[in-house]
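Grab the viewer and try each one before reading on.

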Amino acid sequence: MYFNEEFETLPRPALEALQLKRLQNVLERVYANVPFYRASFAAAGIKPSDVKSLADLRRLPFTTKQDMRNSYPYGLFAAPMEEIVRIHASSGTTGKPTVVGYTLKDIDTWSELMARSFVSAGAHKGDIIHNAYGYGLFTGGLGAHYGAERLGASVIPISGGNTKRQLMIMQDFGSTVLTCTPSYSLFMAEEASAEGVDFKNLKLRVGIFGAEPWSEAMRGEIEEKLNLAAIDIYGLSEIMGPGVAIECIEAKKGLHIWEDHFIPEIINPETGESLPEGERGELVITTITKQGIPLIRYRTRDITSLTYEPCICGRTHARITRMSGRSDDMLIIRGVNVFPSQIESVLVGIEGVEPHYLLVVDRVGTLDTLEVQVEVNEQLFSDEVKELQKLSRQIEKEIKDMLGVTCRAKLVEPKSIQRSEGKAKRVQDNRAL
Ligand SMILES: [Zn+2]
């Protein structure tokens, strides 16, 4: 089943011809409208008219998250503000979010690609889609919402949280498709068993899970506990939001990336060189139809590989393997993006705490946990236990207030955290992904 059969099954030569035409078009547009690109192309000694084949894409410079921060908030927009109808943002290290803007046509494209994604996951018109992604600046909620409407399904815009109510609605409204983060789905399963709700008695058939990395083992657990087919979806707000790539329910083996709108590449994150099909590296995406904020060779920091092998579902679009991590330090804890540097900036503002810390991430049961181990100074360490406990609570509260993530603070002896000559090891991720 397809949502847009013609484009989803376009033979590769036609698909590549379309990509080249759209690539040339977007290059002309960013060159004409975005000073950043005019400057970066000039620095690389290339003009849009020099790009005569898809292989020439490699000659263009990358765009990074830092470039987006430097252009905060609207510097990379290629369309005038009068044409921007929606603004979304994602959290960043500096406290300033990364901002993206959509024209009416961008919203239209996004809706179609999410609708294609729903069909790829096995959803159809007539489904009741229980959308538990957060609505707001985060792209998850509204992205899935518009796609569900485009598909012609009934969407329940329940957003995240209040799990008991989620379960009641699921039962009473007859939800057939669930969209949320994979960890939240398992949390729902725990709540359900505490409430005496059996997923076998619900109508849920398909779950579409994304916004954080998860494993095949976790898929097995979700499918068993929620009694549904669990499908992996990929997206990021910089590129569009959810629906950039998704598994097909027929194969559940790699995520089809919608190549008539995005050109994927895999590079060595250290050297920037392009890697051949099948090799793992950093995913780089060029958006070829976006109007609001097109990005050329955007470094996603996500680690994956790419395959062009034909798929049993009949879609001709390349597949990326499930994400295995990120090439920088960003942590995703219960769907919240956390950078060690953000925690560091909280810690350094607290009296008696030394700038030596280690973040220990684990998964207890179905939920991610974060322990912040931090050294305290000699004087404080010899203080009463009561004082140390008070300090722990203060650290936990400030991190919760600043970053929205719950953690446990563990104060440790001065000089007990391992020092490094090079890049400090700030994170110990014990989650078995
Ligand atoms: Zn497929």
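**Exercise 1.** Is aspartate 56 buried or exposed, and which side chain does aspartate 56 meet in a salt bridge?

*Solution.* Start with the accessible area: aspartate 56 comes out at 15%. The cut-off for buried is under 20%, so aspartate 56 is buried. Keep in mind that this is a predicted model. Next, look for the partner: the side chain of arginine 59 meets aspartate 56, at 3.9 Å from N to O. A salt bridge needs the two atoms within 4 Å, and this pair makes it. Last, check arginine 59 itself: with 45% relative accessible area, arginine 59 is partly exposed.

**Exercise 2.** Find the salt-bridge partner of glutamate 223, then work out which parts of the chain the pair ties together.

*Solution.* The partner is lysine 252, with 2.7 Å between the closest N and O atoms. Now place both ends: glutamate 223 belongs to helix α9 (residues 216–226), while lysine 252 sits in the loop between β8 (241–247) and β9 (255–257). The two are 29 residues apart in sequence, so the bridge ties together a helix and a loop. For accessibility, glutamate 223 has 22% and is partly exposed; lysine 252, at 25%, is partly exposed too.

**Exercise 3.** Arginine 12 and glutamate 16 form a salt bridge. How are they placed along their helix, and how accessible is each one?

*Solution.* First the bridge: the N to O distance is 3.3 Å. Then the spacing: both residues are in helix α2 (residues 12–33), and because they are 4 residues apart, about one helical turn separates them. Finally the accessibility: arginine 12 is buried at 18%, whereas glutamate 16 is partly exposed at 33%.

**Exercise 4.** Which residues does arginine 150 touch, leaving out those up to four places away in sequence?

*Solution.* Locate arginine 150 in helix α6 (residues 139–151). Its contacts are Phe3, Asp108, Ser111, Glu112 and Ala115. Arginine 150 is still partly exposed, with a relative accessible area of 31%.

Key:
Residues are numbered from 1 along each chain as its sequence is written. This is a predicted model: local features need pLDDT of at least 70, side-chain atom pairs count only at pLDDT 80 or more; totals for chains, interfaces and linings use all residues. Side-chain values use heavy atoms; hydrogens and water are left out. Buried means under 20% relative accessible area, exposed over 50%, partly exposed in between (1.4 Å probe, protein chains only). Contact means heavy atoms within 4.5 Å.
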